[in-house]
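Me: I would like to learn how to read a predicted complex of protein and DNA. Please take me through it feature by feature.

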2 protein chains.
Amino acid sequence: MVRMQDVAERANVSIATVSFVVNGTKRVSEATRARVESAMTELGFTRNVLARALASRRSRIIALLFPELDTRGNASAMEFVHGASVGAAERDHHLVLWPVANDPAALREYLDGGLVDGVLAMEVQLEDPRVPMLEAAGIPFVLIGRTADPSAYAYADIDFETTAHENLDHLAGLGHERIALVLEHPGALGESAYGPPVRLERAYREWAVAHGATAVVAMTARDPAGGAELAEDLLRDHPDVTAVLIANDEAAPGLLRGIRATGRSVPRDVSVLALGMASRTAALCEPPLVHSAPPGYDLGHAAARALIDLVEDADAEPIRTLLPCVLGEGASVAPVRTTLP
Amino acid sequence: MVRMQDVAERANVSIATVSFVVNGTKRVSEATRARVESAMTELGFTRNVLARALASRRSRIIALLFPELDTRGNASAMEFVHGASVGAAERDHHLVLWPVANDPAALREYLDGGLVDGVLAMEVQLEDPRVPMLEAAGIPFVLIGRTADPSAYAYADIDFETTAHENLDHLAGLGHERIALVLEHPGALGESAYGPPVRLERAYREWAVAHGATAVVAMTARDPAGGAELAEDLLRDHPDVTAVLIANDEAAPGLLRGIRATGRSVPRDVSVLALGMASRTAALCEPPLVHSAPPGYDLGHAAARALIDLVEDADAEPIRTLLPCVLGEGASVAPVRTTLP
DNA sequence: CTGAAAGCGCTTACAG
DNA sequence: CTGAAAGCGCTTACAG
């Protein structure tokens, strides 16, 4: 390995000077700089990340809290991780993965190691125990998702309001007047643990009021069986529903089956739009689902950059990023069928 | 932050002694150890990862080379990453993600930073430019997947031979005698860039020979359109095919559609088994596919541990791990239909 | 069994 | 504009 010392000797300067030209942190005469730079390229010098970290008290490493039980959002989680790692790399930072779920003690341990300058937290719940932990530790952090009251923190999240309204407008534009919303059950984590269903339902009801539409909201488990059951109940109780906006990936295939089981056809009789479903997931369904895909990569990218901004300037205004899902093609949505008398 | 110095002062010992009890690297008298330990817990000491790394010349960080263009294996890639991060954590290591594709120069840069003790490479191609790079750098590495001649390296990979044979036996056990294999086209990367199709075809042909069966191998692009086309061609040219083993996730929905388009039904007329498909992907298809799921988590876990073994003992025999895919339920396979005369 | 001291490869006031 | 030196928080021969 080539050290600064080696470069300094070759260029006939002190290692301080080498450091200054490497970091651009102080004026150096043109002649000296040139000598140092050619010495560096001749020797193939790359400065040691660890030593720099220790001396400067900035590791230039950020952590991504990676939930142990990743039952959720597998598809776009990968894109998110990818975006975060690229975002970090663009800013000359490294991204480490910390497999810690909601265990504040384990997180403490990691933090105390002093390896990272900041933390990215995925799968944020409305009341997330990691948030007070991170605040107490006094380390910069950015949430992916939002807590119930997000006003105090930096975050990057899906813009559920815009997404819901755009998706509903898309269906309404095709003549659909009675559009049902299908969400996931709160599940084991209890009432409204996660923000998305809560925010989506709110946005949906707002839209319904603004458009004079009757709201029909149904919830089901995150599995196909739930989706199938729900389809039958829903179409029996609300036979005038001509479109379903579903925000529950796992239940979607069941919903499609259930609709068929009632003798109806998608999209001829009922249109289905999957909100927050990744494109590759939507393509697997029968028929392929019109969907709005989460901007996983962009969220990860934005979150990493926002975190590094925060690390570099603790007084900076925390950045809050909201990005809508992107409408994608499929064969599950059609203009409403004119009812034959 | 609490430093070793603080602990040493409180326990009335030298920081060397603190280091010895923290690391268990030297005999320390019971009384001294007790004093040091209580001082540590009283102060809440956690040793600084960066300082330890620099002094010991072992960062206890490993890198995962994360392909920029992750078009492939999105579903199990996440599990793999998860397994690797847990495997590393269990051995007191950190995992960093390096978003570098097949760019040896970029990899060099990262390596020269001296941050990591070893490297995990995903999406290994049969002739992978990263391998000679890593060898030249003299850094321990483990491949996920195998090069054409894997005998020289440590790797963790799917056991395609066992998987193919098990999957074929499963179908044969249900009476299927003419089983087609569907693979992916080599694509832009050229002939047999990746190992899986090559290894699967070989295993399939072996099995066919051993069972006196006629081999039917078809290839198609990684998209639904290709799958649909292929189904029609395949069933026209080989009408006696009663089962399809498909190792091409993206083409699977198209294959199902294509089979239906010929007037046949899955699984009544044709059984379909998806080799190497993640369970959550298989559940989305219509009908849900009987599949064999890649052991992503276990591979990642094994690879990380194998790498750390290698780091800790460079002379250790490189560990080679092969794990088969695990058969999972679905509704796309049935006993062969007895032909009515 | 324990400690004083050198050293890991950098950064950064401080002085000149 | 440049350098000598202290220091980041540890580990690890070396001595006793």
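**Strands across the chains**

Reply: Val96(A) stands opposite Val96(B) in strand 2 of chain B. This is a predicted model: local features need pLDDT of at least 70, side-chain atom pairs count only at pLDDT 80 or more, and totals for chains, interfaces and linings use all residues. Residues are numbered from 1 along each chain as its sequence is written, while chains are lettered from A and ligands numbered from 1 in the order in which they are written.

Me: How many residues of chain B are in contact with chain A?

Reply: Contact means C-beta atoms, placed from the backbone, within 7 Å. By that test, 38 residues of chain B meet 38 residues of chain A. Helix 5 of chain B gives the most to chain B's side, with 9 residues. That side divides into 23 nonpolar, 10 polar and 5 charged residues. Ala, Val, Leu, Ile, Met, Phe, Trp, Tyr, Cys and Pro count as nonpolar, Asp, Glu, Lys and Arg as charged, and the others, Gly among them, as polar.

Me: Which residues come nearest to DNA strand C?

Reply: A residue is near a strand if its C-beta atom, placed from the backbone, lies within 6 Å of it. Of the 28 residues around DNA strand C, the nearest are Met4(A), Ser19(A), Ala51(A), Ala55(A) and Arg27(B). Helix 2 of chain A gives the most to this surface, with 6 residues. By class, the surface has 14 nonpolar, 9 polar and 5 charged residues.

Me: And which residues are closest to DNA strand D?

Reply: Arg27(A), Met4(B), Ser19(B), Ala51(B) and Ala55(B) are the closest of 28. Here helix 2 of chain B has the largest share, 6 residues.

Me: Which residues touch the most other members of the largest nonpolar core?

Reply: Nonpolar side chains tend to be buried together in soluble globular proteins. A core is a set of buried Ala, Val, Leu, Ile, Met, Phe, Trp, Tyr and Cys residues joined through C-beta atoms within 7 Å. Buried means 20 or more other C-beta atoms within 10 Å of a residue's own, all placed from the backbone. Among the 200 residues of the largest core, Leu120(A) and Leu120(B) touch the most other members. Leaving aside neighbours within four places in sequence, Leu120(A) has contacts including Ile62(A), Val142(A) and Leu307(A).

Conventions
Helix = DSSP H or I, 4+ residues; strand = E, 2+ residues; numbered from the N terminus. Buried ≥ 20, exposed ≤ 12 C-beta atoms within 10 Å, placed from the backbone. Contact = placed C-beta atoms within 7 Å. Pairing = 2+ DSSP bridges.
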